[in-house]
Amino acid sequence: MSHTIENLLIVCMDFRLPKNHIDWAEKNLGNKNYDLVALAGSQKAITDEDTMATSFKQIETSVNLHGTKVINIIAHEDCGAYGGSKVFSGWEEERQKYIDDLNEAEKLIKEKFEVEVKKYILLLDGKIKLV
Ligand SMILES: [Zn+2]
């Protein structure tokens, strides 16, 4: 292997997010030390049957090509892949759904790869919190 990196970052493709997660990733994952995958719903793209194969192909490529050891998944507030915040009764219910799906995504990833999974939620004010 000619070059290895530590991290894969999986984010939602939402146009509101890159400014936040790119700055965050430079600080927390390191400069030029992560692969980036952007799929609608991030963790939901991993758990949904329709998009699961695509997500796993990306993860597999990162792990095999770059020896990625940590899969970082960022869920975000008001995610359109879920129908947005409006489909939930409030932030607690919305947050819990993201956490449940992040946990499910972690379980599925660990069944296939020997990696660490770190889970985060990005709030629309730009803050990214570890779950
Ligand atoms: Zn989203």
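A word on burial before we start: a residue counts as buried if 20 or more other C-beta atoms lie within 10 Å of its own, exposed if 12 or fewer do, and partly exposed in between, with C-beta atoms placed from the backbone. Helices (H or I, at least four residues) and strands (E, at least two) are DSSP runs, numbered from the N terminus. Keep in mind that this is a predicted model, where local features need pLDDT of at least 70 and side-chain atom pairs count only at pLDDT 80 or more, while totals for chains, interfaces and linings use all residues. Residue numbers run from 1 along each chain as its sequence is written.

Start with helix α3, residues 49-66. Its 18 residues reach 26 Å from first C-alpha to last, close to the 26 Å expected at 1.5 Å a residue (the expected span is 1.5 Å times one less than the number of residues). Which residues of α3 are buried? They are Ser-55, Ile-59 and Ser-62. These cover an arc of only 55 degrees around the axis, so they sit on the same side of α3; the arc is that of the directions from the helix axis to the C-beta atoms.

What covers the buried residues of α3? The cover includes β1 (7-11), β2 (34-38), α2 (43-47), β3 (70-76) and α4 (91-112).

Of these, have a look at β1. Five of its five residues are buried, so β1 is largely enclosed by the rest of the structure. Asn-7, Leu-9 and Val-11 point one way from the strand, and Leu-8 and Ile-10 point the other way. Strands β1 and β2 run parallel, joined by five bridges (strands pair if DSSP finds at least two bridges between them). Leu-9, for one, has Leu-36 of β2 as its bridge partner.

That brings us to the largest nonpolar core, which has 26 residues. A nonpolar core is a set of buried Ala, Val, Leu, Ile, Met, Phe, Trp, Tyr and Cys residues joined through C-beta atoms within 7 Å. Leu-8, Leu-9, Ile-10, Ile-73, Ile-74 and Ala-75 have the most contacts inside this core. At least two core residues come from each of β1, β2, α2, β3, α4 and β4 (116-122). Two residues are in contact if their C-beta atoms, placed from the backbone, lie within 7 Å. Leaving aside its neighbours within four places in sequence, Ala-75 is in contact with Ser-42, Gln-43, Tyr-98, Leu-102 and Ile-121.

Ser-42 deserves a stop of its own. It lies in the loop between β2 and α2, and its phi is positive, near 35 degrees, though it is not a glycine. Ser-42 is buried, with 31 other C-beta atoms within 10 Å. Lys-32 also has a positive phi, about 55 degrees, without being a glycine. Lys-32 sits in the loop between α1 (18-28) and β2, and is exposed, with 8 other C-beta atoms within 10 Å.

Now zoom out. The protein has four helices and five strands, in the order β-α-β-α-α-β-α-β-β along the sequence.
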